[in-house]
Amino acid sequence: MGPTVTFAGIGEAAVDASATASSISIDQPGGDTSPVTRLTLTDADGPIEVELPTPGSPGATTTDLALPRPVSLASLSIQIADVEARTTIDRRFGEPVTLPAAITEVRFDGVSPAVTTSPAITADCRTDLLTLNGDPVGVSYATDAATLLAGDGLDVELCDVPPTLAAGQYDIVAANASGLQIDRVVLSEPGPVGGSDVIVPATVSTSRTERVVDIPPCPSGCWVVLGEGFNTAWSASTNSGTLGEPQLVDGNANGWYLAPSTASRTVTMTWTAQRPLSIALLASLLSVLALVGAVVVDRRRTVDDSEVGSVVDAAPVLDPVGSAWSRRPAIATVGASVVAAALLIGWTWAPIALLVVVPAIVVRRSRLVGWVGVAIVVAAGGVVTSVVRSERPFPDAGWPIRFEWLHGWTLLGVILITCSALFARDTRPP
């Protein structure tokens, strides 16, 4: 018998490792992992290096490669030699950490190592897979190695008579230190369960913020479940009134209990978080429009010679670049921009801010400093949009680090816009 494939905590299955292989296929999962870029394969003749191309997309990938020489499967080891490091933000310390590498399957010459035998793998009463309030619960199962290698699930049954649970709170925990992990536990009330007790709600209408469903009669009471991720911002109501706070059901869904009734009911589920968000977005839009109007529209004032000291406001006019710059506002704008860049970004940004405002000083146009700031902010947004569309980074807490080098430039653009609005006043002779 050749080497064995070991399933942690379950059993072993013999594999045929007497042959050689001239090609290898590597399956890598997508998501929050660092892609493997190089493997080291070692057999009786020594190690060989295998380079894997970097995946072009964040999804799962399969790489088929010809080996430099045939390798013997009798004494072969595979080691991850290098990865393309991808990072995420540590939730506790807020620091970037490298994501682990992962390989879901390795195949030689297009097939997995063949299982020569498929012995029955059974457990009469294992007590390390499930606990109820800290006490072990014995379970039994029967399967074989081929089923486990295929990744298929199996049914697990209780060894003893199911316990009777009174109303209250219970902790049911599936162990995660074994080759098997229980994914689903079904709790049911005693007594026969017929097809008439199965409730299948029919969706009447769906909008961005509402889900409306018809519930058939349920004389024994029933649950209406919204399987879109648990969130207390969802509310549900019927014609009789609100159903109260949602309950966590099925591990990740919102659920509301419906009292027994022999009549059909319509349940309306509403996403309540959208209204304040819409108000905030509208307020932000109005603020942006007001700021744009303050920058673009220049209200000029002239002195009336017939009345000394009186000022007559002229109608607003569109003057994007402004009139000729006098010395005092020019010095104030340049000085404020340089000092703000040094204090808010870093001392090395002071000469950069000075170089950026030089063109506006040379042409002596007061609004150009603000427009340079606008150009910087727009360019930074364009870079972010282009990178996200082309690279499609995984949407976790670490992807903003990719644009950390833009933070200083974006803040400089905001500083220039602010200083231009505050200090770059146009002057006109009486």
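Student: Is cysteine 125 buried, partly exposed or exposed?

Tutor: Cysteine 125 counts as partly exposed because its relative accessibility is 41%. Buried means under 20% relative accessible area, exposed over 50%, and partly exposed in between, with a 1.4 Å probe and protein chains only. This is a predicted model, where local features need pLDDT of at least 70 and side-chain atom pairs count only at pLDDT 80 or more, while totals for chains, interfaces and linings use all residues. Residues are numbered from 1 along each chain as its sequence is written, and side-chain values use heavy atoms, with hydrogens and water left out.

Student: Which cysteine is joined to cysteine 125?

Tutor: Cysteine 159, through a disulfide with an S to S distance of 2.4 Å. The cut-off for a disulfide is a pair of cysteine sulfur atoms within 2.5 Å. The pair links distant parts of the chain, 34 residues apart: cysteine 125 is in strand E11 (residues 120–126), and cysteine 159 is in the loop between strand E15 (157–158) and strand E16 (172–174). Strands (E, at least two residues) and helices (H or I, at least four) are DSSP runs, numbered from the N terminus. Cysteine 159 is partly exposed because its relative accessible area is 26%.

Student: What handedness does that disulfide have?

Tutor: The torsion about the S-S bond of cysteine 125 and cysteine 159 is about 130°, so this disulfide is right-handed.

Student: How many disulfides are there by this rule?

Tutor: Two. Cysteine 218 and cysteine 222 also form one, with their sulfur atoms 2.3 Å apart. The link of cysteine 218 and cysteine 222 is left-handed, at -40° about the S-S bond. Cysteine 218 counts as buried because its relative accessibility is 4%, and cysteine 222 is buried with 7%.

Student: Changing topic: where does arginine 211 lie?

Tutor: In strand E18 (residues 210–215). Arginine 211 counts as buried because its relative accessibility is 16%. Its side chain reaches the backbone oxygen of serine 207 at 2.4 Å.

Student: Which residues does arginine 211 touch, not counting those up to four places away in sequence?

Tutor: Among them are Glu228, Trp234 and Met269, where contact means heavy atoms within 4.5 Å.

Student: Last one: what should helix H5 span?

Tutor: With 24 residues (368–391) at 1.5 Å a residue, H5 should span 34 Å, and its end C-alpha atoms are 34 Å apart, which agrees. The expected span is 1.5 Å times one less than the number of residues. Gly370, Ile376 and Val387 are among the buried residues in H5. Just after H5, arginine 392 takes a positive phi of about 45°.

Technical notes:
A polar contact is a pair of N or O atoms within 3.5 Å; within protein, one must be able to donate a hydrogen and the other to accept it, and residues adjacent in sequence count only if both atoms are side-chain atoms.
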